[in-house]
Amino acid sequence: MAALREALRAAVAALLLLGWGAHGLYFHIGETEKRCFIEEIPDETMVIGNYRTQLWDKQSESFLPSTPGLGMHVEVKDPDGKVVLSRQYGSEGRFTFTSHTPGEHQICLHSNSTRMALFAGGKLRVHLDIQVGEHTNNYPEIAAKDKLTELQLRARQLLDQVEQIQKEQNYQRLLDQVEQIQKEQNYQRYREERFRMTSESTNQRVLWWSIAQTIILILTGIWQMRHLKSFFEAKKLV
């Protein structure tokens with residue numbers, strides 16, 4: 001049992017080192033500024049975002065916690081441009097959504113500062129933490145709810161990690177298929193373009209050859225008429 005526990009611990013640690021899905025950052029925005037981020041998300045994946053805001057204080061020359069009246073508007077769009085989430089939150093909050101289409105999701109945030117005289121002309125610092133996939137699971141809460149032992153909880157974490165990796169692999173295969181289809185379409189367009197150019201060139205040559213034949217026939221007719229006229233004049237028939 002101890003050996004199994006250590007093996008599970010090692011596997012989970014390795015997958016955590018290789019995995020993806022959670023990152024934190026902060027950025028500054030003005031009172032009318034909007035910041036957007038692009039996140040690659042597989043389909044049917046839960047995403048949780050936590051944020052808090054700090055307002056620049058001129059007197060102390062530092063960022064202080066924002067007043068409750070200052071809020072943030074969060075908008076999320078899927079790869080097709082469809083709005084997945086659009087909601088107004090407070091100065092500190094948490095938003096969640098589930099992706100239904102794999103690809104690049106756009107996450108945008110901006111403040112309702114136009115209604116805040118305190119923020120007018122100021123600067124706002126936003127701390128943002130985005131968690132994707134199995135990183136969104138609250139394992140201590142799961143363990144307490146399902147009464148899981150440490151070994152069972154780590155096994156649950158391992159299964160969630162494997163499921164998330166499978167989603168990533170499926171998404172990557174989908175990207176490869178799309179790329180292959182795009183290559184085939186580009187090659188097909190190239191062949192159609194070459195065929196069109198060849199057809200136009202052939203048609204042009206046929207046109208010029210027809211014109212040349214017509215000119216030759218006209219010149220031949222004129223020569224024959226002149227020759228016949230000269231012949232009849234020589235024979236004094238005309």
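1. Phe95, for example, is buried, with a relative accessible area of 1%.

2. Before going on, please keep in mind that this is a predicted model, where local features need pLDDT of at least 70, side-chain atom pairs count only at pLDDT 80 or more, and totals for chains, interfaces and linings use all residues. Residues are numbered from 1 along each chain as its sequence is written, and side-chain values use heavy atoms, with hydrogens and water left out.

3. Now to the aromatic rings. A pair of aromatic rings is described by the distance of the centres and the angle of the planes. Here, rings of Phe, Tyr and Trp (its six-membered ring) pair if their centres lie within 6.5 Å; planes under 30 degrees apart are stacked, over 60 edge-to-face, and the rest tilted. The structure holds three such pairs. In one of them, the ring centres of Tyr51 and Tyr89 are 6.4 Å apart and the planes stand at 80 degrees, so this pair is edge-to-face. Tyr51 belongs to strand E3 (residues 45–57) and Tyr89 to strand E6 (residues 83–89), so the pair ties together parts that are 38 residues apart in sequence. Helices (H or I, at least four residues) and strands (E, at least two) are DSSP runs, numbered from the N terminus.

4. Which residue does Tyr89 form a tilted pair with? The partner is Phe95, at 6.4 Å centre to centre with 50 degrees between the planes. Tyr51 is buried at 3% relative accessible area, and Tyr89 counts as buried at 12%.

5. Asp57 stands opposite Ser62 in E4. The hairpin of E3 and E4 has four residues between the strands, and Glu61 in this hairpin takes a positive phi near 55 degrees.

6. Next, the sulfur atoms. A disulfide is a covalent bond between the sulfur atoms of two cysteines; the cut-off used here is a pair of cysteine sulfur atoms within 2.5 Å. The structure holds one disulfide, formed by Cys36 and Cys108 with their sulfur atoms 2.0 Å apart. The torsion about the S-S bond of Cys36 and Cys108 is about 110 degrees, so the disulfide is right-handed. Cys36 lies in strand E2 (residues 34–41) and Cys108 in strand E8 (residues 103–111), so the pair ties together parts that are 72 residues apart in sequence. Are the two cysteines buried or partly exposed? Cys36 is partly exposed at 37% relative accessible area, whereas Cys108 counts as buried at 1%.

7. Finally, have a look at Val76 in strand E5 (residues 72–77). At 0% relative accessibility, Val76 counts as buried. The C-alpha atoms of Val76 and Gln106 are separated by 5.6 Å, with the two residues 30 apart along the chain.

Methods
Buried < 20%, exposed > 50% of the residue type's maximum accessible area, 1.4 Å probe, protein only. Pairing = 2+ DSSP bridges.
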